[in-house]
Structure formats: C-alpha cells, structure tokens
Amino acid sequence: MSENPPQQAKETEPADPSTSPDTSWKRKFYTIMAGQAVSLVGNSAVQFALMWHLTVTTGSAATLELAGLAGFLPSAVLSPVAGIVADRYSRKLVI
C-alpha cells in the first residue's frame, strides 16, 4: 500500500494586498510624510528668499542676522523637545 504524504496547511493571503490592514497605514503614512517633505522644502525656500530680500532692501548685515535667527531659532529650540515627545508617545498619536 502506498501512503499519501501529509498535506501542509496553506496560509490564506488577502485578495487585494493594498487593502489589507497590515499595509493600509503605510500608504497613509508615506503620503503624509511626502507632503511634509514638500512643505518643508517650500517653507525653507520662502524663508531663504525673505532673508535675502530684507538684506538687499535694507543693505544691512544685521538684518540678515536677525532674519536668520528669527527663522532658525524656533526650530533649534523646539527640535529637542519634539524629539522627546516623539520618542515617548505612540507614533500614531504624535502623527
């Protein structure tokens, strides 16, 4: 008599991987992060242009210095605090 080999259980895959609960959050996350990246580049370009416009208009290096401080100081002060918040709390809650 011949014996049949034992059958292995087949894992079921979702019909449409783009709608599976595992990957649906990734699409939303990357969409938001891409938007944030574009926004950050745009804001930086505007800040840079405004600094140079003020400098050319006034002809003063002190204006360039003050505009630079006003533009970069808030992010320098808030980044360490934001890092702590992002590390301490749930990513979904922070986002």
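This is a predicted model: local features need pLDDT of at least 70, side-chain atom pairs count only at pLDDT 80 or more; totals for chains, interfaces and linings use all residues.
Residues are numbered from 1 along each chain as its sequence is written, and side-chain values use heavy atoms, with hydrogens and water left out.

Now step back to the whole chain. The protein chain has three helices and zero strands, so the pattern along the sequence reads α-α-α, given that helices (H or I, at least four residues) and strands (E, at least two) are DSSP runs numbered from the N terminus. Of its 95 residues, 5% count as buried; that label means under 20% relative accessible area, with exposed being over 50% and partly exposed in between (1.4 Å probe, protein chains only). The accessible surface comes to about 8,800 Å², and 64% of that belongs to carbon and sulfur atoms. These areas come from the Shrake-Rupley method with a 1.4 Å probe, and for residues only the protein chains shown count as cover.

Back to T58. This residue sits in helix α1 and is partly exposed, at 46% relative accessibility. T55 is in helix α1 too, but T55 is buried, with a relative accessible area of 12%. What does the side chain of T55 reach? It gets to the backbone oxygen of M51, at 2.8 Å. Leaving out residues up to four places away in sequence, T55 also touches S60, T63 and L64, where contact means heavy atoms within 4.5 Å.

S60 brings us to the next helix. S60 caps the N-terminal end of α2, with a side-chain oxygen 3.2 Å from the backbone nitrogen of A62. Helix α2 covers residues 61-88, and its 28 residues should span 40 Å at 1.5 Å a residue; the end C-alpha atoms are 41 Å apart, which agrees. The expected span is 1.5 Å times one less than the number of residues. Along the way, α2 bends by about 35° at S79, and a proline, P80, follows within four residues. That bend is the angle between axes fitted to the seven residues ending there and the seven starting there.

On to the aromatics. Rings of Phe, Tyr and Trp (its six-membered ring) pair if their centres lie within 6.5 Å; planes under 30 degrees apart count as stacked, over 60 as edge-to-face and the rest as tilted. The count by this rule is three aromatic pairs. In one of them, the rings of F29 and Y30 have centres 5.5 Å apart and planes at 70°, so the pair is edge-to-face. The rings of F48 and W52 have centres 6.3 Å apart and planes at 65°, so that pair is edge-to-face as well. F48 and W52 are separated by about one helical turn because they are four residues apart in helix α1 (residues 21-58). F48 counts as exposed at 52% relative accessibility, whereas W52 is partly exposed at 39%. As for the other pair, F29 is partly exposed at 29% and Y30 is exposed at 55%. W25, F29 and Y30 form one aromatic cluster.

Finally, look at M33 in helix α1, a partly exposed residue with a relative accessible area of 34%. M33 and I95 are 62 residues apart in sequence, yet their C-alpha atoms are 9.7 Å apart in space.

Definitions and conventions:
A polar contact is a pair of N or O atoms within 3.5 Å; within protein, one must be able to donate a hydrogen and the other to accept it, and residues adjacent in sequence count only if both atoms are side-chain atoms.
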